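These are my notebook entries from a first look through one structure. I wrote down what I looked up, entry by entry.

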Amino acid sequence: MDLILFGPPGAGKGTQAKKLVAELGIPQISTGDILRDHARRGTELGQKAKPLMDAGKLVPDEIMIPLVDTRLREPDCAKGFILDGYPRTIPQGEAVDKSLQSMGRKIGLVISLEVPDQVIVERVSGRRSCPKDGSVYHVVSNPPKRPGFCDQCDTGLVQRDDDKAEKVTARLQAFHQQTAPLKSLYQERGLLRRIDGVGSPDGIFAEVRQAIAKAGK
Ligand code: AMP
């Protein structure tokens, strides 16, 4: 199934996507991860994207649309994919439809993880991640066994630049202004399932699974 995980930054899209990858055996396509990888490697795309990401602003559609179109056509997406953090604008949403249409496919389900802004700010500013294996922690709600170090590989944990409290507000603003309007479009098409994103990751996953099972029938 071709799935979209929708929600503000820090809603838990990445966490749920990883669980879905394990369950469904289809790839997670996180545009944030793809862009961060480019930024780290200093590619031309990474150099263009980095200042925007650091400011909590969206990377232009002219860059994002071809990037994702190419990714969706890769062989590992043949049986489905989980889009995490994409689409984030109306033109991106239209582009996904167009890409899928050209492959004789369509979006199966859009899962919206609903989390209030205040909770997002607390969550995101406490988030720490392992630069080596990508494990994600939270200083209060999901701390590593040894503070500051990854449970899996003992690498020092880092805070994403754009997870600092002052940047989170800009990202939430981009979400409300540019991304939220997509939700009503998916709702009108009967593709949207809203799930309460506040709670334990496993409890939320149980609901995500149920929504997918229902949509697959
Ligand atoms: P994320 O990890 O999904 O929160 O993404 C981190 C940053 O990457 C965002 O704040 C944007 O600057 C950029 N980004 C990720 N996905 C997109 C997208 N679909 N469109 C535009 N910019 C994006």
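Predicted model: local features only at pLDDT ≥ 70, side-chain atom pairs only at ≥ 80, totals over all residues.

Leaving out residues up to four places away in sequence, I found Leu83 touching Leu3, Ile4, Leu5, Ile29, Val68, Leu72 and Val96.

I then asked which residues have the most contacts inside the largest nonpolar core. They are Leu83, Ile107, Val110 and Tyr186, and this core has 26 residues. The elements that give two or more residues to this core are β1 (2-6), α3, α4, β3, α5 and α8 (181-188), and α4 gives the most, with four residues. Apart from this core I noted another, of 21 residues, which includes Leu5, Leu113, Ile120 and Phe205.

Next I turned to helix α4, which covers residues 61-72. I checked its length: at 1.5 Å a residue, its 12 residues should span 16 Å, and the C-alpha atoms at its ends are 16 Å apart, which agrees. Within α4, I listed Asp61, Ile63, Met64, Val68, Arg71 and Leu72 as buried. Looking down the axis of α4, I saw that the buried residues fall within an arc of 155°, so they line one face of the helix. As a reminder to myself, an α-helix has 3.6 residues a turn, so residues three or four places apart point the same way. The partners against which the buried residues of α4 pack are β2 (28-30), α2 (31-41), α3 (44-54), β3 (81-84) and α5 (90-102).

For a strand residue I took Ser112, found in β4 (residues 109-114). Its relative accessibility is 1%, and because of this Ser112 counts as buried. The side chain of Ser112 makes a polar contact of 2.6 Å with the side chain of Glu114. Setting aside neighbours within four places in sequence, I found Ser112 in contact with Phe6, Lys183, Leu192, Arg193, Arg194 and Ile195.

Then I went to the ligand, which 16 residues surround, the closest being Thr31, Arg36, Lys57, Arg88 and Gln92. I recorded an oxygen atom of the ligand 2.6 Å from a polar backbone atom of Lys57, and a nitrogen atom of the ligand 3.0 Å from a polar backbone atom of Gly85. From a side chain, a polar atom of Arg160 lies 3.2 Å from an oxygen atom of the ligand.

My last entries concern backbone geometry. Most residues other than glycine have a negative phi, and most peptide bonds are trans. The peptide bond from Tyr86 to Pro87, however, is cis, with omega near 0°, and Pro87 is found in the loop between β3 and α5. Asp154, although not a glycine, has a positive phi of about 65°. Asp154 is placed in the loop between β6 (136-138) and α7 (165-179), and with a relative accessible area of 45% Asp154 is partly exposed.

Definitions and conventions: Residues numbered from 1 in each chain as written. Heavy atoms only, no water. Expected span 1.5 Å × (residues − 1). Buried < 20%, exposed > 50% of the residue type's maximum accessible area, 1.4 Å probe, protein only. Arc of directions from axis to C-beta. Contact = heavy atoms within 4.5 Å. Core = buried A, V, L, I, M, F, W, Y, C linked by side-chain atoms within 4.5 Å. Near = heavy atom within 4 Å. Polar contact = N/O pair within 3.5 Å; in protein donor to acceptor, adjacent residues only side chain to side chain.
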